Amino acid sequence: MAVDLVIDIENTPGALAQVATAISDAGVNIAAATCVGPGERAELHILVPHAEAVKHALAISHVAVTREREVVVVDVQDRPGVLADLARKIAAAGVNLELVYIATQNRIVFGADDLSALEVAIGA
């Protein structure tokens with residue numbers, strides 16, 4: 001199961017650069033990321049193949065992972081309607097999505113309170 005790491009950062013110039021540098025210096029590739037934060041703080045979500053190495057590298061850089069959660073990552077075709085099709089299947093199964101973002105290599109990251117039901121809904 002893939003893991004989404006959440007990092008609470010200051011919404012200032014260079015904050016993302018600090019996090020990305022720490023991760024790349026640890027030799028870990030970021031597979032997906034999204035950041036939301038119109039105010040003084042921002043919430044950065046990242047998907048990485050080696051979560052423990054990233055948490056260690058960030059701690060050395062005085063940046064903490066504030067939350068982590070298991071997520072479902074789905075390989076998809078890059079064409080119109082793919083997300084809509086998956087979202088309809090998930091909705092029909094009664095699963096409430098709490099997190100969605102796009103990853104590298106034509107993948108979609110989904111987070112839900114019921115991962116088992118989510119996996120069944122999308123056939124993962």
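Visitor: In which strand is Ala 2 found?

Guide: Ala 2 is found in strand E1, which covers residues 2-10; helices (H or I, at least four residues) and strands (E, at least two) are DSSP runs, numbered from the N terminus. This is a predicted model, in which local features need pLDDT of at least 70 and side-chain atom pairs count only at pLDDT 80 or more, while totals for chains, interfaces and linings use all residues. Residues are numbered from 1 along each chain as its sequence is written, and side-chain values use heavy atoms, with hydrogens and water left out.

Visitor: Does Ala 2 count as buried, exposed or partly exposed, and why?

Guide: Buried means under 20% relative accessible area, exposed means over 50%, and partly exposed lies in between (1.4 Å probe, protein chains only). Ala 2 counts as partly exposed because its relative accessibility is 25%. Leaving aside neighbours within four places in sequence, Ala 2 is in contact (heavy atoms within 4.5 Å) with Leu 47, Arg 69, Glu 70, Val 71 and Val 73.

Visitor: What should I look for in a nonpolar core, and which residues have the most contacts inside the largest one?

Guide: In soluble globular proteins, nonpolar side chains tend to be buried together. A nonpolar core is here a set of buried Ala, Val, Leu, Ile, Met, Phe, Trp, Tyr and Cys residues joined through side-chain atoms within 4.5 Å. The largest has 17 residues, and those with the most contacts inside it are Ile 7, Val 19, Ile 46, Val 54 and Leu 58. Two or more residues of this core come from each of E1, helix H1 (15-25), strand E3 (41-47) and helix H2 (51-60). A second, separate core of 14 residues includes Leu 86, Phe 110, Ala 112 and Ile 122.

Visitor: Which residues of helix H4 are buried, and why do they line one face?

Guide: An α-helix has 3.6 residues a turn, so residues three or four places apart point the same way. In H4 (residues 115-122), the buried residues are Leu 115, Leu 118, Ala 121 and Ile 122. Seen down the axis, they fall within an arc of 120° (taken from the directions from the helix axis to the C-beta atoms), so they line one face of the helix. Their cover includes strand E4 (65-75), helix H3 (82-92), strand E5 (97-103) and strand E6 (107-112).

Visitor: What does the side chain of Arg 107 reach?

Guide: Arg 107, whose place is in strand E6, reaches with its side chain the backbone oxygen of Thr 104 at 2.8 Å.

Terms used
A polar contact is a pair of N or O atoms within 3.5 Å; within protein, one must be able to donate a hydrogen and the other to accept it, and residues adjacent in sequence count only if both atoms are side-chain atoms.
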